[in-house]
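Me: I have a protein structure open and I want to learn to read it. Can we go through it feature by feature?

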Amino acid sequence: MPELPEVETIRMGLGQLLPGRTIKSVDVDANSAKSFPNASALVRKYLVGAKIIDIERRAKVLIIGLDNDYCLIIHLKMTGQLVFVGASAKTGANKSTDSAETDRWGGGHPTDSLIGALPDRSTRVTVTFTDGSHLYFNDQRKFGWIRLIPKAELPDIDFFRRVGPEPLIGTDFTWPYFRAAIGRRRNTSIKAAILDQSVVAGVGNIYADESLFATRIHPATKAGQVSPAKLKRLWQAIPEVLALAIANGGSTYKNYIDAQGGRGQYLMKYGKVFRREGQACPECGGVIEKIRVAGRGTHFCPACQKLPPAKSVSKPKPKQ
DNA sequence: CACTTGACCTGTCCGC
DNA sequence: TGCGGACAGGTCAAGT
C-alpha cells in the first residue's frame with residue numbers, strides 16, 4: 001500500500017540508481033498486458049536506446065524522465081513494487097529470515113530484502129539496461145500501471161488534472177485552502193475527505209488513520225463538524241506525519257519495499273493505531289478499535305478520538 | 001455538484 | 001484437509 005512516503009522513498013532510491021542508464025529492452029509478462037498498455041509498440045519506438053535522466057514524484061505517481069522528451073509514469077496502487085537489481089547482484093541472497101510478525105511491522109534491518117530471486121510470479125514488467133542491470137515492476141494484484149507519454153502531456157493526464165496540492169512541496173497546501181477544501185466536503189467523514197486525492201495529494205489509509213489519531217479526531221466525524229482548531233491541527237499534522245514517515249523509509253505492512261528491497265520502519269517505530277486493533281492505546285491505555293469508515297478499515301482509539309456531541313437531542317443518533 | 005458503492009485483481013486468512 | 005467467502009485498499013466509473 002504505497003502512499004506518499006513510500007513512493008517518495010522509492011523515488012529517492014531510484015534517483016541514486018537509474019539516471020545515466022540506457023534501456024536495452026523492456027519485457028511485459030504475457031498475462032500482465034494491462035500493467036503497461038500498448039507496450040510492444042511503445043517500447044520499440046521510444047524506450048529501446050533511451051537514457052534515464054531523472055526520477056520525479058507527483059502524489060503517489062512516479063515519473064521517470066527520459067532523454068527523448070518522453071517519460072514513464074508509474075502508479076503502484078496497492079501491491080506494486082519497483083526493485084532495482086545491479087548487473088552482478090544476486091537477488092534473494094539476503095532474504096530475511098525474520099518471523100512473519102516482524103516482517104509485518106517492518107522489523108529487521110532496513111536493507112534486509114523481503115524478496116527472493118527476480119523475476120518472480122508477480123513480475124509484470126522487466127526493464128533491462130545496457131549494463132546488465134534490471135528494474136523489476138512487481139505487482140501481485142495487477143492494479144498498478146506503467147504508461148509512456150510525452151513529457152509535455154503530463155499535465156493533461158486525468159490523474160494529474162484532478163489531484164490536489166502536494167502537502168510537502170511548494171506553497172499550495174495552505175490553511176485557507178485546506179479549510180475551504182474540507183468545507184466543500186462537510187457532509188462526508190473527515191477520513192473520506194483527507195483520503196480524497198483532490199483535497200490533498202498522497203494520503204492513504206495508513207497516514208489518514210495516524211494523522212487523525214495525532215489530532216484526536218474520530219475518523220467518522222463529519223468533516224463539517226470538526227472544530228476549526230482541530231482542523232487546523234490536522235492541517236499541520238498531515239505534513240508532519242508524512243515527513244516523519246519519509247525520514248523512516250515509509251511503512252512496511254505487507255507488500256511495500258523500497259527500490260532495493262528494503263523495508264520501511266515508520267509503522268513499527270511511530271505507528272500508534274494502524275492495524276493495532278485490540279492493542280493498548282499508547283496515549284491512554286484504552287483499547288484500539290477497528291471500524292469501517294469511507295469503505296476502509298479504520299483504526300482509532302475510542303477514548304482519545306470521540307465523536308462530537310449530536311446537534312439535537314430530538315434527532316436520532318447516526319447509525320454506527 | 002457532493003457523496004457512495006462497486007469494479008478492478010490476487011493472495012491470505014478464517015470458519016466450517 | 002479443502003472450500004467458500006471476506007478482506008486487503010488506490011482510483012475510477014457509475015450509481016443515488
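Reply: Start with handedness: a crossing is left-handed if the near helix is turned anticlockwise from the far one by less than a right angle, and right-handed if clockwise. Helices (H or I, at least four residues) and strands (E, at least two) are DSSP runs, numbered from the N terminus. By that rule, H1 passes H8 in a right-handed crossing. Note that this is a predicted model, where local features need pLDDT of at least 70, side-chain atom pairs count only at pLDDT 80 or more, and totals for chains, interfaces and linings use all residues. Residues are numbered from 1 along each chain as its sequence is written, chains are lettered from A and ligands numbered from 1 in the order in which they are written, and side-chain values use heavy atoms, with hydrogens and water left out.

Me: At what angle do the axes of H1 and H8 cross?

Reply: Two packed helices are described by the angle between their axes and the distance between the axes. Axes are lines fitted to C-alpha atoms, for helices over the stretch in contact, and angles run from 0 to 180 degrees between N-to-C directions. Here H1 (residues 4-17) and H8 (residues 228-247) cross at roughly 40°, and their axes come within 9 Å. H1 and H8 are therefore oblique to each other. The classes are these: under 35 degrees is roughly parallel, over 145 roughly antiparallel, 65 to 115 roughly perpendicular, and the rest oblique.

Me: Which residues of H1 and H8 meet?

Reply: Contact means heavy atoms within 4.5 Å. From H1 come Leu 4, Pro 5, Glu 8, Thr 9 and Met 12; from H8 come Leu 242, Ala 245 and Ile 246. Sorted by class, the contact of H1 with H8 holds six nonpolar, one polar and one charged residues. Ala, Val, Leu, Ile, Met, Phe, Trp, Tyr, Cys and Pro count as nonpolar, Asp, Glu, Lys and Arg as charged, and the others, Gly among them, as polar.

Me: How does H7 cross H8?

Reply: The axes of H7 (residues 205-214) and H8 come within 9 Å and cross at roughly 125°. That makes H7 oblique to H8. The crossing of H7 over H8 is right-handed. In H7, Tyr 207 is one of the residues that meet H8; Leu 234 and Ala 245 are among their partners in H8. The contact of H7 with H8 has nine nonpolar, one polar and one charged residues.

Me: What about H5 and H8: how far apart are their axes?

Reply: The axes of H5 (residues 175-184) and H8 are 10 Å apart, and the helices pack at an angle of about 115°. H5 and H8 also make a right-handed crossing. Trp 175, Phe 178, Arg 179 and Ile 182 in H5 take part, and among their partners in H8 is Trp 235. The contact of H5 with H8 has eight nonpolar, no polar and two charged residues.

Me: Now sheets. What is the strand order in the sheet that contains S1?

Reply: Strands of a sheet pair through backbone hydrogen bonds, either parallel or antiparallel. Two strands pair if DSSP finds at least two bridges between them. This open sheet of four strands runs S1-S6-S7-S5, with antiparallel pairing. S1 (23-28) and S5 (80-85) stand at the edges with a single partner strand each, so one side of each has no neighbour in the sheet. The twist averages 15° from one strand to the next. S5 and S7 (residues 134-139) pair antiparallel over six bridges. Leu 82 stands opposite Phe 137 in S7.

Me: Where is the cis peptide bond?

Reply: Most residues other than glycine have a negative phi, and most peptide bonds are trans. The bond from Leu 118 to Pro 119 is cis, with omega near 0°. Pro 119 lies in the loop between H3 (100-104) and S6 (123-129). As for phi, Lys 77 has a positive value near 45°. Lys 77 lies in the loop between S4 and S5.
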